[in-house]
Amino acid sequence: HTEVKSVHHVHVFARPTPRRDHGPRIIRSLRRNRRRQTRIVRKATHGTNDVNDDDAKEEEESYEKFVHKITTPRVKFGTKIHRTLHHHAFSKHKSYAYQWQAFCARSERYDYRDVVSEEAETFLSAFHFKLEDGCKRFERDVKTGKAAKDWDAASANHPTLGLVAIVASWKATVEAVCGKPWLFEDEEEEE
């Protein structure tokens with residue numbers, strides 16, 4: 001009297017249910033086994049639920065930190081900060097303009113000329129976050145000596161399109177508009 005239930009493509013055999021045609025001993029035995037199996041499952045999953053809860057809390061805290069980090073510039077400098085930075089950088093720095101056009105081309109759904117809509121502010125925010133993250137990684141690798149191994153020297157040192165030019169143009173733009181070297185400050189850097 002067992003049924004096969006399919007749960008996410010895994011076949012699980014359901015426990016037989018006590019029925020009237022079973023004798024009282026079989027019914028007690030079935031109930032006892034069900035309670036025993038429930039206790040075993042609870043013991044087996046108790047520790048993992050605590051770990052999963054801790055992982056979920058850490059993941060939620062990490063996400064909240066990320067959201068705080070990415071929204072802080074709009075809170076500090078106004079809701080149009082990314083459009084202001086973009087206008088300044090795009091008009092003065094060719095390396096920024098090429099990065100922006102490449103970023104839009106990779107997204108395959110955004111026209112690089114649209115910089116006035118509310119969607120543009122959000123899209124620019126994502127672009128600026130990724131751009132600054134790449135600039136910080138490059139500078140960190142230069143300081144630690146990893147840049148020679150991890151980055152192509154010819155493309156890094158190109159006068160208008162290289163990483164050095166991109167970092168310099170981004171930092172100059174943020175310095176001119178915001179008065180600080182980086183837009184998205186890490187908590188460790190602020191202290």
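In this predicted model, the side chains of Glu121 and Arg74 form a salt bridge, with an N to O distance of 3.9 Å. Glu121 lies in helix α4 and Arg74 in helix α1, so the pair ties together parts that are 47 residues apart in sequence. Glu121 is buried, at a relative accessible area of 0%. Arg74 counts as partly exposed, at 24%. The cut-off for burial is under 20% relative accessible area, so the value for Arg74 does not qualify as buried.

The side chains of Glu132 and Lys136 meet at 3.4 Å, N to O. Both residues belong to α4 and stand 4 residues apart, about one turn of the helix. Glu132 is buried, with a relative accessible area of 1%. Lys136 is buried as well, at 11%. Elsewhere, salt bridges that share partners join Arg74, Arg83 and Glu121 into one network.

Asp111 and Arg113 supply a further pair, with their side chains in a salt bridge at 3.3 Å, N to O. Here Asp111 is partly exposed, with a relative accessible area of 36%. Arg113 is exposed, at 59%. The total for the protein is 6 salt bridges.

Helix α4 covers residues 118–144. The helix has 27 residues and reaches 39 Å from its first C-alpha to its last. That span is close to the 39 Å expected at 1.5 Å a residue. Gly145 follows α4 and has a positive phi, near 90°. Leu124 is another residue of α4. Its relative accessible area is 0%, so Leu124 is classed as buried. Leu124 and Phe103 are 21 residues apart in sequence. In space, the C-alpha atoms of Leu124 and Phe103 are 9.9 Å apart.

Helix α7 covers residues 163–178. It has 16 residues and reaches 22 Å from first to last C-alpha, close to the 22 Å expected at 1.5 Å a residue. The buried residues of α7 are Ala165, Ile166, Val167, Ser169, Trp170, Thr173, Val174 and Cys178. Gly179 comes after α7, with a positive phi near 80°.

Glu64 is found in α1, which spans residues 24–77. Its relative accessible area is 48%, so Glu64 is partly exposed. The second topic is nonpolar surface. Tyr63, Phe66 and Val67 form a nonpolar patch, with about 280 Å² of accessible area together. Val67 is placed in α1. Val67 is partly exposed, with a relative accessible area of 31%. Patch residues need over 30% relative accessible area, so Val67 passes that cut-off.

Along the sequence the elements follow the pattern β-β-α-α-α-α-α-α-α-α. Of the 191 residues of the protein, 28% count as buried. Glu121, Leu124, Glu132 and Lys136 are each buried.

Conventions
Residues numbered from 1 in each chain as written. Predicted model: local features only at pLDDT ≥ 70, side-chain atom pairs only at ≥ 80, totals over all residues. Heavy atoms only, no water. Helix = DSSP H or I, 4+ residues; strand = E, 2+ residues; numbered from the N terminus. Buried < 20%, exposed > 50% of the residue type's maximum accessible area, 1.4 Å probe, protein only. Patch = residues over 30% accessible without salt bridge, like charges linked within 9 Å, V, L, I, M, F, W, Y side chains within 5 Å. Areas by Shrake-Rupley, 256 points an atom, 1.4 Å probe, with all protein chains shown as cover. Salt bridge = Lys/Arg side-chain N within 4 Å of Asp/Glu carboxyl O. Expected span 1.5 Å × (residues − 1).
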